[in-house]
Amino acid sequence: MISRRRALGLVAAPFLLRAGGTARADDGNTITIATGPYGGIYYPLGNSICRLFNLAATESGPVCVASDSKGSVENIRALRAGTVQFALAQSDIVTHALTGKGDFAGDAPADDLRALLLGHAETFTLLTRPGSAIDDVTDLPWHRLATGPMGSGQKVTAAIMLNAFGRQDADFGGLPAMTRDEEVAALCDGKADAVTLYFGHPNGYVQEAIERCNAHIVPVTGRQIDEIVAAHAEYFSTTIPGGIYENHPDPIPTFGSQSVLVTSISADDEMVNALLAAVFDNVDILKRLHPAFAGFTPETMVPSESWARLHPAAQAFFTKRKLLIGP
């Protein structure tokens, strides 16, 4: 029987078939979107984009395939290495890659990185187990905290949050890097007092932790969080909606960033235009493929923040559709 976590993550299954056709992912005529782990939101988002692209493509055109991954950092590295054509990433991780900071310190700035569209809002989520005596983020010191897998944007954002409080992973029990499945298991088995997640909502991992061991989402607020938001254009104050998880009727304040689909400046203009047309011509369909997509509109999906450098074909596409004011 499939778990509810996996069910939430797979609401948008990997649709690689054209209408009335068959998958041709092994014929060398394939474009790939790097997404995230199965229980997150990137995986269904990437698969939904591929579904729309494949349904709109001609029989002789390429097939779009979404691949799972550890997350944002790994995705951008794969994009820069040329092993994928498109990648989903957190907006803050995109900024790090563009500026050669964070996990990309020591790398040449990713001047070739370009944004195509915005997805769902991603929120920093702090889950605790019953009896941990953690009521908000200021209660974390000296508890055992898991901050996610290496190669994920989640771990990077957790480090930024901890540094704002003058802390680092070693101050929280020295737990090793864990996958999201391992984090949920560690929390519910009593090996961790709290775990961080960085996803849109509703989220399968959160759902599983709440159902399995009555985990609780706590606020992530305070002066330090306000300073993070004020210092970084890609972050914003937000809330996890109330009522979407059992025993969590009220909105929970936290901070977050935006998911963004990125590519290289060298990406083919026609390919970029075809992908954007497939998505923006079918936003109403996309909204129905996962609860986290319900708020999508053409206007909110256009990258327009200071950190988002548009691909030229995307700039032309949005300008033509009057979603962006041209130069």
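Residues are numbered from 1 along each chain as its sequence is written. Because the model is predicted, local features need pLDDT of at least 70 and side-chain atom pairs count only at pLDDT 80 or more, while totals for chains, interfaces and linings use all residues, and side-chain values use heavy atoms, with hydrogens and water left out.

When the bonded cysteines of the protein chain are counted along the chain, the disulfides follow the pattern 1-2, 3-4. One of the links joins Cys50 to Cys64, with an S to S distance of 2.1 Å. The torsion about this S-S bond of Cys50 and Cys64 is about -55 degrees, so the disulfide is left-handed. Cys50 lies in helix 2 (residues 42–56) and Cys64 in strand 2 (residues 63–67), so the pair ties together parts that are 14 residues apart in sequence. Helices (H or I, at least four residues) and strands (E, at least two) are here DSSP runs, numbered from the N terminus. Cys50 counts as buried, at 0% relative accessibility, and Cys64 is likewise buried, with a relative accessible area of 0%; buried means under 20% relative accessible area, exposed means over 50%, and partly exposed lies in between, as computed with a 1.4 Å probe on protein chains only.

A disulfide also joins Cys188 to Cys213, with an S to S distance of 2.1 Å. The link of Cys188 and Cys213 is left-handed, with -60 degrees about the S-S bond. Cys188 lies in helix 6 (residues 180–188), whereas Cys213 lies in helix 7 (residues 204–213), so this pair ties together parts that are 25 residues apart in sequence. Both Cys188 and Cys213 are buried.

Although Ser257 and Ser91 are 166 residues apart along the chain, their C-alpha atoms are separated by 6.0 Å. When neighbours within four places in sequence are left aside, Ser257 is in contact (heavy atoms within 4.5 Å) with Gln90, Ser91, Asp92, Ala121, Glu122, Tyr198, Glu234, Tyr235 and Phe236. The side chains of Ser257 and Tyr198 are joined by a polar contact of 2.7 Å. A polar contact is a pair of N or O atoms within 3.5 Å; within protein, one atom must be able to donate a hydrogen and the other to accept it, and residues adjacent in sequence count only if both atoms are side-chain atoms.

Several backbone features were also identified. The peptide bond from His201 to Pro202 is cis, with omega near 5 degrees, and Pro202 is found in the loop between strand 6 (194–199) and helix 7. Asn214, a residue other than glycine, has a positive phi near 55 degrees. Asn214 lies in the loop between helix 7 and strand 7 (216–218) and counts as partly exposed, at 43% relative accessibility. Lys322 has a positive phi of about 60 degrees although it is not a glycine. Lys322 is found in the segment after helix 11 (312–320) and, at 73% relative accessibility, counts as exposed.

Terms used. A disulfide is a pair of cysteine sulfur atoms within 2.5 Å.
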